[in-house]
Amino acid sequence: LNETEHFEVMMASSFLYTGFWNLDERHTQQALKNLEEFAKATSLEDSMASIVALMKSVEDDTEDKSMPEKVIYDTHYYFLGKKKLIEQIELKSLEEEESHGDVLNEYRKTFELITNHKYRTTYAITKLEERKAKNSQKLLAKIQKEESKEKKAKQKSRKLGRGIETMYRTVYRNHINLSSIADAKANLIIRVNTIILSIIITLGGTGYTFFEGGFFKYSRFTVPVMLFVAGSLAAVIFAILSARPKVTNKEVGKKRLLGKESSILFFGNFTAMDKTDFVREMGLFRKNDDRVYDSMSVDIYYLGLVLDKKYKLVTYSYNAFMVGMILSVVSFMAIFMLFQYS
């Protein structure tokens, strides 16, 4: 290069890398802005056009290049023929905290770049081409190794995913079965005690209507009957509270969903939403498995709360029926013995 070409290449290469300081724009565009600002403050206007052309030529892969363009082109891609190319890619990924998949993408992009790239100057071809070919082979081996790891990880994740899905499916089925059992027990109590109450009330009514002195002619039997009626009535009340449907109808907002306070899977929640919002929120499940499992976990939690309350009420119902029956029988026996031996 002559003195002018040397100066222009030095200026173009110096300003070309200032574009990387700002990640919001394309680095070449930012570098040209920096050069323009520098040119206004100095006497660089005469060489501006040549320097700008050199900076833009870096992104041009055509064979027809001037010597200054070849020099700055090979300078820009000098790193492809360096020994520590793969190490630099890995360090860059660590700096940017990229995931495993992003590192693999960097390997692929660099391998594609090396495959399609050709050095232009004799110096670069002599000094860098051999190492570039070795880097290409190493990158290919890295890609194959990482792809194998990724494939194994996906297979492991798929197996783990099936196990998690089986667990959730089993938990849902168990909750539904337990709810059905609780409802069946409550319905049994309701049927038995409503029959008993109907018979007692019917006998009491007919006694007052058709028999002289009424149903309570022998008042000593009043206490056992009333205890039995009270126990049956309490049992029926608790059983009805357990069996009756109760749907919470809360307005589900994005804040409640993200805070895992509500589950969009429960119809009592999503019926309060607009159809558009519901479809949008359901669409997010296809993009994020964690969101699916979190919603299912919230749903199972609230199902558990409902089951806990249901079984407590069923237990109270059975206890009330049992206590009423025991007190009725004990009082009947006590009164019978008292009057029998008095």
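**Helices, core and ring pairs in a predicted model**

Among the elements of the protein, helix α9 (residues 254-258) has the lowest mean pLDDT, at 50, whereas helix α4 (residues 67-76) has the highest, at 89; here pLDDT is the predictor's confidence in each residue, on a scale from 0 to 100. For the protein as a whole the mean pLDDT is 78, and 79% of the residues reach 70 or more. The structure is a predicted model, in which local features need pLDDT of at least 70 and side-chain atom pairs count only at pLDDT 80 or more, while totals for chains, interfaces and linings use all residues. Residues are numbered from 1 along each chain as its sequence is written, and side-chain values use heavy atoms, with hydrogens and water left out.

The protein has 12 helices and 0 strands, where helices (H or I, at least four residues) and strands (E, at least two) are DSSP runs numbered from the N terminus. Of the 342 residues in the protein, 32% are buried, a term that stands for under 20% relative accessible area, with exposed meaning over 50% and partly exposed in between (1.4 Å probe, protein chains only). Among the contacts in the protein with a separation of 6 or more, residues 24 or more positions apart account for 66%, a contact being heavy atoms within 4.5 Å.

The largest nonpolar core holds 17 residues, of which A12, L35, L44, I51 and M55 touch the most other members. The elements that give two or more residues to this core are α1 (3-16), α2 (27-41) and α3 (48-57). A nonpolar core is a set of buried Ala, Val, Leu, Ile, Met, Phe, Trp, Tyr and Cys residues joined through side-chain atoms within 4.5 Å. In soluble globular proteins, nonpolar side chains tend to be buried together. When residues up to four places away in sequence are not counted, I51 touches E8, M11, A12, L35 and L44. The loop between α1 and α2 contains T18, which is buried at 10% relative accessibility. The side chain of T18 reaches the backbone oxygen of F15 at 2.6 Å, and T18 also touches A31 and N34, again not counting residues up to four places away in sequence.

Helix α5 (residues 85-95) has L85, I86, I89 and S93 as its buried residues. These cover an arc of only 105° around the axis, so they lie on the same side of α5; the arc is that of the directions from the helix axis to the C-beta atoms. An α-helix has 3.6 residues a turn, so residues three or four places apart point the same way. The face of α5 turned away from its buried side carries the exposed residues L94 and E95.

The count of aromatic pairs comes to 5, under a rule by which rings of Phe, Tyr and Trp (its six-membered ring) pair if their centres lie within 6.5 Å, with planes under 30 degrees apart counted as stacked, over 60 as edge-to-face and the rest as tilted. Y77 and F79 form a tilted pair, at 6.5 Å centre to centre and with 35° between the planes. Y77 is buried at 13% relative accessibility, whereas F79, at 34%, is partly exposed. The pair of Y301 and Y302 is edge-to-face, because the ring centres are 5.5 Å apart and the planes stand at 75°. In this pair Y301 is exposed, with a relative accessible area of 52%, and Y302 is partly exposed at 36%. Ring pairs also link Y73, Y77 and F79 into a cluster.

N193, in helix α7 (residues 122-210), is buried at 0% relative accessibility. A polar atom of its side chain lies 2.8 Å from the backbone oxygen of I189, and a polar contact of 3.1 Å joins the side chains of N193 and S232. A polar contact is a pair of N or O atoms within 3.5 Å; within protein, one must be able to donate a hydrogen and the other to accept it, and residues adjacent in sequence count only if both atoms are side-chain atoms. Not counting residues up to four places away in sequence, N193 touches S232, A235, V236 and F321. In helix α12 (residues 289-341), M322 is partly exposed, with a relative accessible area of 43%. M322 and G231 are 91 residues apart in sequence, and their C-alpha atoms are 7.6 Å apart in space.
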